[in-house]
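Work through the exercises below with the model open. Try each task before reading its solution.

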Protein chains: 2
Amino acid sequence: MIDLPDTASPLYEKVKDYILTNIGTGRWGKDRKLPSENELVASLGVSRMTVHRALRELTAAGFLIRLQGVGTFIAPPRPQSTLIEINNIAAEIVERGNRHRSEVLVLETIMPTKELVLSFEFAKRVPIYHSVVVNFENDLPVQLEERFVNPSLIPDYDKQDFTRTATYDYLMQKTPVTEVEHIISAIPADKETARHLGIDVGSCCLLLHRRTWTGAVVATISKLTYAGSRYSLGSRYSPSGTN
Amino acid sequence: MIDLPDTASPLYEKVKDYILTNIGTGRWGKDRKLPSENELVASLGVSRMTVHRALRELTAAGFLIRLQGVGTFIAPPRPQSTLIEINNIAAEIVERGNRHRSEVLVLETIMPTKELVLSFEFAKRVPIYHSVVVNFENDLPVQLEERFVNPSLIPDYDKQDFTRTATYDYLMQKTPVTEVEHIISAIPADKETARHLGIDVGSCCLLLHRRTWTGAVVATISKLTYAGSRYSLGSRYSPSGTN
DNA sequence: CACGGTGAAAAGTATATACATGTATGTATA
DNA sequence: TATACATACATGTATATACTTTTCACCGTG
């Protein structure tokens with residue numbers, strides 16, 4: 001029977017520490033397989049639920065991998081995935097020390113097209129909010145922002161003054177985002193877009209398509225068009241939080 | 001008694017969804033206080049441990065704040081930064097079930113231009129590796145990849161066969177990346193690019209500029225050009241790992 | 001040898017129960 | 001009036017138990 005330290009911290013934390021220490025010192029490093037829950041129960045003298053909680057939290061934190069029916073293993077060092085951060089354009093502009101202004105072209109309630117109903121994953125056709133806003137950086141239009149908003153999650157969207165609060169800020173304030181989908185592509189500007197952004201028809205634009213979820217419900221669908229010559233999405237990122 | 005959806009997901013997940021939805025729709029938004037565990041037990045007809053697990057996980061994910069003896073509250077909205085994951089193009093193509101092939105156009109050692117010396121943050125001018133590769137998805141060229149590589153970190157870059165190993169894979173294997181910088185923009189294809197990607201001069205392309213660091217040293221500089229009509233960067237992301 | 005069944009072992013989920021600990025509030029007493 | 005105590009209620013932790021789901025190894029049969 002192994003003794004856990006006699007500190008004030010809760011038992012499952014002690015178990016977590018015990019496991020992390022054993023991983024760190026390589027005691028289980030051989031085939032990278034940990035003792036089973038029941039073995040830990042026997043060797044540590046705590047209940048299975050407590051061991052389970054410790055293992056579950058370490059798994060959520062990325063230290064372990066668990067396979068039902070097989071066992072618990074030390075996770076391989078994190079596979080590299082490089083990330084890009086997409087920020088609130090209003091905040092970005094202000095952060096660069098420039099002036100942000102927006103112009104509301106459309107703010108209305110519409111019946112969604114069949115496509116939109118599908119994108120929203122609606123069971124039936126219900127009215128949604130629709131807004132089109134142009135964002136300016138120092139009086140130069142840089143982004144055309146079209147949004148479709150689920151009224152069941154954000155009820156008063158159509159009554160806001162988006163020349164004062166950015167649409168993004170309002171949405172973030174109103175509903176928690178649990179999931180985000182992004183698609184970035186490059187497209188030539190159509191007549192409408194060109195007019196609003198003050199660029200030539202056919203010139204290159206960045207198109208950022210975004211869907212956000214709150215729980216299982218699609219909250220917003222956005223089409224953000226950036227004048228390619230005036231804007232780029234940038235980020236600097238430390239994969240493993242080394243800072 | 002409230003009915004939870006009759007899906008396959010475990011009960012605590014349904015409870016989490018139920019709570020997130022109620023937060024999203026603002027049903028509890030008034031004083032931002034949630035029903036107590038015991039109230040949820042009564043209204044949902046599940047055990048307290050199950051409710052507790054749901055609440056604990058949502059708290060860990062940053063949606064809730066809990067105070068012992070007081071109650072559970074909706075957390076203030078986080079400063080949201082949405083992330084896009086940029087993957088290895090070869091792996092992405094294979095994952096879609098398509099065939100990946102690459103053609104090496106250039107693989108050489110060069111003296112860097114003054115601009116590159118600055119980008120690499122070199123103190124003096126030293127030779128670097130330079131490669132240009134076209135990546136094909138089912139024999140359709142989708143990405144033109146130009147890389148400049150720091151030889152002090154990746155010594156044998158110029159001796160590799162990049163029709164077999166993707167440049168990305170080789171680099172990731174050779175040196176740990178501690179930091180990544182990305183800039184995405186939309187540009188018209190120049191003559192050279194158009195020729196390699198088999199598209200018209202002036203048609204829209206996604207340009208992804210990337211620098212990677214190993215410690216304080218710039219390891220690679222890449223210029224990835226995607227045919228705008230054939231490729232888009234996509235991602236789906238859960239801000240706080242709620243899944 | 002190939003195939004399928006069967007059971008053991010592992011993690012996953014759900015519940016009932018108990019007690020611990022922290023907070024707010026109301027009440028009795030000095 | 002002010003302090004101390006009792007109490008109710010909130011979340012936090014720990015256990016015992018039971019059942020489910022998945023995987024794997026073993027074994028017998030064709």
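Two exercises follow, after a note on conventions.

This is a predicted model: local features need pLDDT of at least 70, side-chain atom pairs count only at pLDDT 80 or more, and totals for chains, interfaces and linings use all residues. Residues are numbered from 1 along each chain as its sequence is written, chains are lettered from A and ligands numbered from 1 in the order written, and side-chain values use heavy atoms, without hydrogens and water.

**Exercise 1.** Describe the protein surface near DNA strand C.

Step 1. Take the residues with a heavy atom within 4 Å of the strand. There are 24 around DNA strand C; R48(A), R66(A), L11(B), T50(B) and Q68(B) come nearest. Sugar and phosphate make up 65% of the DNA strand C atoms within 4 Å of the protein.

Step 2. Sort by class. The surface has nine nonpolar, 10 polar and five charged residues.

Step 3. Assign elements. α3(B) gives the largest share, four residues.

Step 4. List polar contacts (pairs of N or O atoms within 3.5 Å). R48(A) puts a polar side-chain atom 2.7 Å from a base nitrogen of DNA strand C. For T72(A), a polar side-chain atom is 2.9 Å from a phosphate oxygen. G69(B) uses a backbone N or O atom, 3.5 Å from a base nitrogen.

Notes:
A polar contact is a pair of N or O atoms within 3.5 Å; within protein, one must be able to donate a hydrogen and the other to accept it, and residues adjacent in sequence count only if both atoms are side-chain atoms. Helices (H or I, at least four residues) and strands (E, at least two) are DSSP runs, numbered from the N terminus. Ala, Val, Leu, Ile, Met, Phe, Trp, Tyr, Cys and Pro count as nonpolar, Asp, Glu, Lys and Arg as charged, and the others, Gly among them, as polar.
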